[in-house]
Amino acid sequence: MTAAQADLQAEFLEMPEGLRIDRPEVADGAALWRIAKDSGTLDLNSSYSYLLWCRDFAGTSAVVRTASDGRPVGFVTAYLRPDRRHTLLVWQVAVDSAHRGQGLAARLLDSVTARAAEEHAVTAVETTITPGNTASERLFTSYARRHGAGVEREVLFESRQFPDGPHDPEVLYRIGPLAF
């Protein structure tokens, strides 16, 4: 890692005053569902799935909380790929509208991947992004730059593969190898 990358990474791990990053708990599931619903861009999963996610994948996910009352105001959900144990698949990243513009999504992403690298020897990140989602494209390409990693893109799921109506294709972003 270059000195410039280390400086950028350190900047993104520092939190704005009054906020902290933590592992999600089952009690956070409803808040994560609301944040995802209010985002207007994420595919909304059932409320049940957010509860399960907070129980079963808390170790590879993160929330940003207000320090005053511990309320979640952002999250990243991720899991280790079963067939690629050193690859973290980032499922969703969302920040409450009142807390956007502070770099929280980048901080969450850096935090959860640093933890996964330490605990699970993660060396790569994958995510899917629909074409035109420029906020996610910027988040993940800037993440790759901060970590000195390359980005490969390919369509993972075509529009026609989705059974529930029109859906944009999902483009797989492979980021790695990561430099921590």
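Residues count as partly exposed when their relative accessible area lies between the buried limit of under 20% and the exposed limit of over 50%. This cut-off applies to the views below, which show a predicted model.

**View 1. An edge-to-face pair formed by Phe 157 and Phe 162.** The ring centres of Phe 157 and Phe 162 lie 6.4 Å apart, with 80° between the planes. Phe 157 has a relative accessibility of 40% and therefore counts as partly exposed.

**View 2. The aromatic cluster of Trp 53, Phe 57, Tyr 79 and Trp 91.** These four residues form one cluster; the count of aromatic pairs comes to seven. Within the view, Phe 57 and Tyr 79 form a tilted pair, 6.1 Å centre to centre and with 50° between the planes. This pair links distant parts of the chain, 22 residues apart: Phe 57 belongs to the loop between helix H3 (47-56) and strand S2 (62-66), and Tyr 79 to strand S3 (residues 72-81). Phe 57, at 33% relative accessibility, counts as partly exposed.

**View 3. The crossing of helices H4 and H5.** The axes of H4 (residues 104-120) and H5 (residues 134-146) come within 10 Å and cross at roughly 50°. The two helices are therefore oblique to each other, and their crossing is right-handed.

**View 4. Residues in the contact between H4 and H5.** From H4, the residues Ala 105, Ala 106, Leu 109, Asp 110 and Thr 113 meet Leu 139, Phe 140, Tyr 143 and Arg 146 of H5. Classified by residue type, this contact comprises six nonpolar, one polar and two charged residues.

Conventions. Residues are numbered from 1 along each chain as its sequence is written. This is a predicted model: local features need pLDDT of at least 70, side-chain atom pairs count only at pLDDT 80 or more; totals for chains, interfaces and linings use all residues. Side-chain values use heavy atoms; hydrogens and water are left out. Axes are lines fitted to C-alpha atoms, for helices over the stretch in contact, and angles run from 0 to 180 degrees between N-to-C directions. Helices (H or I, at least four residues) and strands (E, at least two) are DSSP runs, numbered from the N terminus. Angles under 35 degrees count as roughly parallel, over 145 as roughly antiparallel, 65 to 115 as roughly perpendicular and the rest as oblique. A crossing is left-handed if the near helix is turned anticlockwise from the far one by less than a right angle, and right-handed if clockwise. Contact means heavy atoms within 4.5 Å. Ala, Val, Leu, Ile, Met, Phe, Trp, Tyr, Cys and Pro count as nonpolar, Asp, Glu, Lys and Arg as charged, and the others, Gly among them, as polar. Rings of Phe, Tyr and Trp (its six-membered ring) pair if their centres lie within 6.5 Å; planes under 30 degrees apart count as stacked, over 60 as edge-to-face and the rest as tilted. Buried means under 20% relative accessible area, exposed over 50%, partly exposed in between (1.4 Å probe, protein chains only).
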